[in-house]
Amino acid sequence: MNTFRIFRDLFRYNGEFAIGLMLVLIVLAVASCSFFSPYPPMDVYVVPPDVPPSWEYPLGTTSRGQDVFWQLTFAIRNTLLFGIVVAALSRVISLLVGLISGYKGGWVDRVLMSINDTFVVVPLFPILVLFYFIMRNQMTWAMLAVITALLGWAYDARLIRSIAMSLRTREFTRQAVFSGMSTGKIVLQEHLPFVLPIVFSTTMNNINWSIGIEVTLSVLGFTDINTPTIGGMIYWANQHTALVSGIWWWITFPVLLVIMLFIGLFLLAISMNEYIDPRSRLSRLGGQA
């Protein structure tokens, strides 16, 4: 009920949240259309190539004989799913490291933060490119998601740690310790609810970040280019010199859709950050309540 009330207040009083939610819902609607596609996503030359947008083909067709609209539904679904998988896996790691490090302190905190800081300074993009050249054909979509998640949790773990350190000195934490609760129960039952709003905000940012990584690697051809993604569509458009050939719709519509997704997730993140800040929340809600 509290979660429902938070989302209701955000949608009612926060314009950024409402706009961001609508943009993300539009992207999700496009992605859900992939389940009704009349064409398999990997097939080529199933429609006439290089047809501009028309009533029969609303977004046109590609030089590979694929309907841009239906190909775009598969691409945005896979790209969004990639971001969600990376964000979910990295949230689990950052929560475990951040909560335990902040609560335990001492040598546990020093060891975990030393590992954390190592991942902070590691250059992510060159490592992902190196993985591709080492593994080549073995670099699947799922493997790239796992590797990206394992390299992308450190910044948020430090943020969660700072919150856990402040919660460690609260009275309810002392009472939990005196009552005999274990470290796991204190971290999960007492501290986790306080960091969930931060987790939601960082999840939106992490999805955006991981989608940017996927699109960049795919455009350069450093991923499984046969799996339909937004970056994969742009890669094949570049391979067929779409812009030079005047086939602008092959690149334009994927770029517009992923920009819409970026903006929507960004607005959700900043609106949640504003809600977390009590002064910003009261100034926005108080004057209209």
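Tutor: We begin with confidence: pLDDT is the predictor's own confidence in each residue, on a scale from 0 to 100. The chain averages a pLDDT of 86, and 93% of the residues score at least 70. This is a predicted model, in which local features need pLDDT of at least 70 and side-chain atom pairs count only at pLDDT 80 or more, while totals for chains, interfaces and linings use all residues. Residues are numbered from 1 along each chain as its sequence is written, and side-chain values use heavy atoms, with hydrogens and water left out.

Helices (DSSP runs of H or I, at least four residues) and strands (runs of E, at least two) are numbered from the N terminus. Among the elements of the chain, α3 has the highest mean pLDDT, 93, whereas helix α12 (residues 278–285) has the lowest, 56. An unreviewed UniProt entry lists residues 76–269 as "domain: ABC transmembrane type-1"; UniProt positions follow the numbering used here, feature names are shortened, and annotations may be inferred rather than shown by experiment. Over residues 76–269 the chain is 82% helix and 0% strand, with its end C-alpha atoms 20 Å apart.

Now to the nonpolar side chains. A nonpolar core is a set of buried Ala, Val, Leu, Ile, Met, Phe, Trp, Tyr and Cys residues joined through side-chain atoms within 4.5 Å, where buried means under 20% relative accessible area, exposed means over 50%, and partly exposed lies in between (1.4 Å probe, protein chains only). The largest nonpolar core has 37 residues, and those with the most contacts inside it are Ile76, Ile211, Ile230, Trp250 and Leu261. Two or more of its residues come from each of α2 (15–32), α3, α9 (183–219), α10 (230–239) and α11 (249–276), and α11 gives the most, with 11 residues. Apart from this core lies another, of 15 residues, including Val86, Met139, Ile213 and Leu217. Returning to Ile230, and taking contact to mean heavy atoms within 4.5 Å, we find that this residue touches Leu72, Ala75, Ile76, Thr79, Val215, Pro254 and Val258, leaving aside residues up to four places away in sequence.

The aromatic rings come next. Rings of Phe, Tyr and Trp (its six-membered ring) pair if their centres lie within 6.5 Å, and planes under 30 degrees apart count as stacked, over 60 as edge-to-face and the rest as tilted. The structure holds 10 aromatic pairs. One of them joins Phe82 and Trp141 edge-to-face, at 6.0 Å centre to centre and with 70 degrees between the planes. Because Phe82 lies in helix α3 (residues 68–104) and Trp141 in helix α6 (residues 141–151), the pair ties together parts that are 59 residues apart in sequence. Phe82 is buried, with a relative accessible area of 0%. Tyr132 and Phe133 also pair, and since their centres are 5.5 Å apart and their planes at 70 degrees, this pair is edge-to-face. Tyr132 counts as buried at 13% relative accessibility, whereas Phe133, at 42%, is partly exposed. Tyr132, Phe133 and Phe222 form one aromatic cluster.

Finally, a charge sits over a ring if NZ of Lys or CZ of Arg is within 6 Å of the ring centre and within 35 degrees of the ring normal. The charged end of Arg64 sits over the ring of Trp236, 4.0 Å from its centre, and that of Arg77 sits over the ring of Phe35, 5.0 Å from its centre.
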